[in-house]
Amino acid sequence: MPGLNAEFIPPARPVIGEAEIEAAVRVLRSGMVVQGPEVAAFEQEFAELVAGRHCVAVNSGTSALQLTLMGLGFGPGDEIIVPSFSFAASANAVRLVGAEPVFVDIEPGSFCIDPAAVEAAITPRTVAIMPVHLYGHPAAMDRIMPIAERHGLAVVEDAAQAHAAALNGQPVGSFGTAGCFSFYPTKNMHSLEGGMITTGDAGLARTLRLLRNQGMEQRYANEIVGANMRLTDVAAAIGRVQLTQLPEWTEQRRANAKFLDSRITGMITPPVADAAKHVYHQYTVRVTGDRDAAQRKLTELGIGNAVYYPTPIHRLIPYLVDGKPGPWDLPETEKAAAEVVSLPVHPSLSQADLERIADAANIAGGAA
Ligand SMILES: *Cc1c(COP(=O)(O)O)cnc(C)c1O
């Protein structure tokens, strides 16, 4: 049992180390702070994480998704299939380009989109599928890609939570038409704010470079209508430092999860599908009893915890139809939203922290 004065263990702990600070200062002192050589280097280095695909850096993960959908030419009248059990950004990107999200259910064995439900949701208006690699677990790309190919659909991977996750040894962000990563501070690596689009399509990569910068490649020779979604060189320099740490941090997250798996008996530990490399952006357990009571107990014992996400996207105000949830039948989504709790798994945890988390989870599970 932890002592009453034991320190609170936060659910996430973004790293801003001396190396990040030095990198930012180096760029600030250079006076060249907007998109430039640091962004180009960051893109080149990130490509190693996604089997050498083209990488286009932008100012957030949401921008990555929105710009990709713009670059693929999607808009009003188009339907894009997304899981409702995700962060709202997944569906927001669809709406921001004027297209319509079609919500489908998840598989309980991964918390990711159910390929059979995807296939059942395809209509003549469907243009794309957006699997989300939720919590750092890869979606079933081996089953989703053949469906997309059969129906001629684009696949945009929301990999915001899944840097370096893989399925059958293939990294996320290298399966679909494009992959979209986030570098928000709480993600597995960050650049303060930032995002990356990865694609095997050189033409799409060029379009995305134009779109993020007012449609320009040559200054003032605008070719198309574009936005300003550029990443700064200061952010890219921080991202480059973090990228060098990512392999070590990923292994630490996986080792932390393995320890928690072996110790937690009072709650249902996170499932991992066959052939999946889970990178544990979140360590998400299920509590089948009184989740509120379990969360109160965890907090009382000094263990940071949170529910991602308490409300499925289709139940959020902007996605209601006439003030009510639309005609979606998403039993696994509703069940997960009612049962999940995420526990700390970040790489800064000590062995003593991990033992406290596991003990507290067992007590809280009993209190549920
Ligand atoms: C964080 C996140 C995003 C958005 O990334 P930002 O960088 O915060 O814009 C999109 N999708 C998912 C699943 C996320 O977790």
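How far is an oxygen atom of the ligand from an N or O atom in the side chain of Q161? The distance is 2.8 Å, and the pair thus falls under polar contacts, defined as N or O atoms within 3.5 Å. The structure is a predicted model, in which local features need pLDDT of at least 70 and side-chain atom pairs count only at pLDDT 80 or more, whereas totals for chains, interfaces and linings use all residues. Residues are numbered from 1 along each chain as its sequence is written, and side-chain values use heavy atoms, with hydrogens and water left out.

Around the ligand there are 15 residues, of which G61, T62, D158, S182 and K187 come nearest; a residue is counted if one of its heavy atoms lies within 4 Å. A polar side-chain atom of T62 is 2.5 Å from a ligand oxygen atom, and for an N or O atom in the side chain of S182 the distance to a ligand oxygen is 2.7 Å. The protein buries 92% of the 380 Å² that the ligand exposes when taken alone (Shrake-Rupley method, 1.4 Å probe).

T62 also belongs to the contact of helix α3 with helix α4, together with L65, Q66 and L69 of α3 and A89, S90, A93, V94 and L96 of α4 (heavy atoms within 4.5 Å). Helix α3 spans residues 61-71 and α4 residues 89-96; they pack at about 35°, with axes 9 Å apart (helices are DSSP runs of H or I, at least four residues; axes are lines fitted to C-alpha atoms over the stretch in contact, and angles run from 0 to 180 degrees between N-to-C directions).

Helix α3 also packs against helix α7, residues 202-211, at an angle of about 120° and with the axes 9 Å apart. This contact involves L67, T68, M70 and G71 of α3 and L204, T207, L208 and L211 of α7.

How values were computed. Helix = DSSP H or I, 4+ residues; strand = E, 2+ residues; numbered from the N terminus. Polar contact = N/O pair within 3.5 Å; in protein donor to acceptor, adjacent residues only side chain to side chain.
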